[in-house]
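Hello,

Here is the structure I promised to pass on.

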Amino acid sequence: VSLLKGKDLLSLYDLSNLEIDEILTKCETLKTMHKLGADYQPLKGKTLGMIFEKSSTRTRVSFEVAMWQLGGHALFLSNRDIQLGRGETIQDTARVLSRYLDCIMIRAYSHEDVKLLAKYADIPIINGLTDYEHPCQVLADLFTIKEKKKKLSGLKLAFIGDGKNNMANSLLYGCAKVGMDIAVASPKEFLPDKEVVEKASIDAMMNGSKITLTEDVFEAADGADILYTDVWTSMGQEEETEYRKKVFAGYQINQEVLSAADKNAIVMHCLPAHRGEEITEDVMEGDHSVIFDEAENRLHVQKAILALIMA
Ligand code: CP
Ligand code: NVA
């Protein structure tokens, strides 16, 4: 039986090193089987509900295709269509949906809402992005890094951008779990939250890795094996767009920053990207970029997560 069977996946911080290993190993098997065209349908008769309060391309499509390929079914539940969007409580929604579905994936504004859903649901809840975390993305990222670099522990990842956003938080937790050094470069007011850094530091210490916070992009990028960035303005922060464009100017992966990294560095971005803001067109399309392999791996990782939680 899998370690993840029947469990929620709300935060990367909650996963043990063994559970992360289990996901990455399963993912490798499923990706290989997929490429060989082998059938693997452990989720026959199982149904996943997918609640979306925010837009999505990758998360929506990869989860839906993942369920289909595993022999199950996925329902797309836009917040604009279900009663949740008209004020039905999360508690009631959780209890009703638990009687129809086998698992729920939710993309929500508030992480607290997702925790509440998990508290009242009898079925596993998967976080498909909140204001606080994006664990499925970072699991796909760890898989991608392992695929490209053949290891995780001992590498250095530099995250350049909003140190307080969901990606920064999940990367801090994820890197610390697998013993990867992480350096976050952000403008002073957007450096990671103390509480997240403290939690991640405990894992980093246990796994022998280092966390560095800096306002200096070049200090973070120095010798990095992975350069990672994300949008300056996340979903839900649209009103701050103009302000953020000013504050984040310079927090960009470009050729100069790439030259500061290791000569075999890979460049990653969870997407969607704003070319010319957090990353330049030439780096995004250049030889170091693994961004589209990373996007593909969302599918394989999602399949691993779903199979381990539900099969
Ligand atoms: N990276 C990611 O989660 O993309 P979507 O917003 O398109 O799902
Ligand atoms: N930080 C971004 C990630 C999108 C996948 C956002 O929340 O909009």
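Start with strand E6, residues 181–185. In this predicted model, 5 of the 5 residues of E6 are buried, so the strand is largely enclosed by the rest of the structure. Both of its faces are covered. Asp181, Ala183 and Ala185 sit on one side. Ile182 and Val184 sit on the other.

What does E6 pair with? Its partner here is E5, in the parallel sense, over 5 bridges.

Now follow E5 across to E8. E5 covers residues 156–160 and runs parallel to E8, with 4 bridges joining the two. Leucine 157 stands opposite isoleucine 226 in E8.

Which way do the side chains of E8 point? The strand covers residues 226–229. Ile226 and Tyr228 point one way, Leu227 and Thr229 the other, and all are buried. In a regular strand, side chains alternate between the two faces of the sheet.

Is aspartate 230 buried or exposed? It has 25 other C-beta atoms within 10 Å; 20 or more count as buried, so aspartate 230 is buried.

An unreviewed UniProt entry annotates Asn166, Asp230, Ser234 and Met235 as "binding site". They span 70 residues in sequence, yet no two of their C-alpha atoms are more than 11.6 Å apart, so they gather at one spot.

The ligands come next.

- Ligand 2 has these residues around it: Leu129, Asn165, Asn166, Met167, Asp230, Val231, Ser234, Met235 and Cys270. By class, that shell has 5 nonpolar, 3 polar and 1 charged residues.
- Ligand 1 is surrounded by Ser56, Thr57, Arg58, Thr59, Leu129, Gln137, Cys270 and Leu271. Its shell divides into 3 nonpolar, 4 polar and 1 charged.

Compare the two lists and you will find Leu129 and Cys270 in the shell of ligand 1 and again around ligand 2. Asn166, Asp230, Ser234 and Met235, the residues of the UniProt "binding site" annotation, are among those around ligand 2.

The unreviewed UniProt entry places "domain: Aspartate/ornithine carbamoyltransferase carbamoyl-P binding" on residues 7–147. That span is 45% helix and 14% strand. Its end C-alpha atoms lie 26 Å apart.

Now the overall picture. The protein has 12 helices and 9 strands. Its radius of gyration is 19 Å, close to the 19 Å that the globule rule gives for 311 residues, so it is as compact as a globular protein of that length. The C-alpha trace spans about 55 × 45 × 35 Å along its principal axes. Of the 311 residues, 51% count as buried.

Last, confidence. The average pLDDT for the protein is 98, and 100% of the residues score at least 70. For the model, ipTM is 0.99 and pTM is 0.98. Where pLDDT is low, predicted coordinates should not be read in detail.

Best wishes

Methods: Residues are numbered from 1 along each chain as its sequence is written. Chains are lettered from A and ligands numbered from 1 in the order in which they are written. This is a predicted model: local features need pLDDT of at least 70, side-chain atom pairs count only at pLDDT 80 or more; totals for chains, interfaces and linings use all residues. A residue is buried if 20 or more other C-beta atoms lie within 10 Å of its own, exposed if 12 or fewer, and partly exposed in between; C-beta atoms are placed from the backbone. Two strands pair if DSSP finds at least two bridges between them. A residue is near a molecule or strand if its C-beta atom, placed from the backbone, lies within 6 Å of it. Ala, Val, Leu, Ile, Met, Phe, Trp, Tyr, Cys and Pro count as nonpolar, Asp, Glu, Lys and Arg as charged, and the others, Gly among them, as polar. UniProt positions are given in the numbering used here, feature names are shortened, and annotations may be inferred rather than shown by experiment. pLDDT is the predictor's confidence in each residue, from 0 to 100. The radius of gyration is taken over C-alpha atoms; the globule rule is 2.2 Å times the number of residues to the power 0.38.
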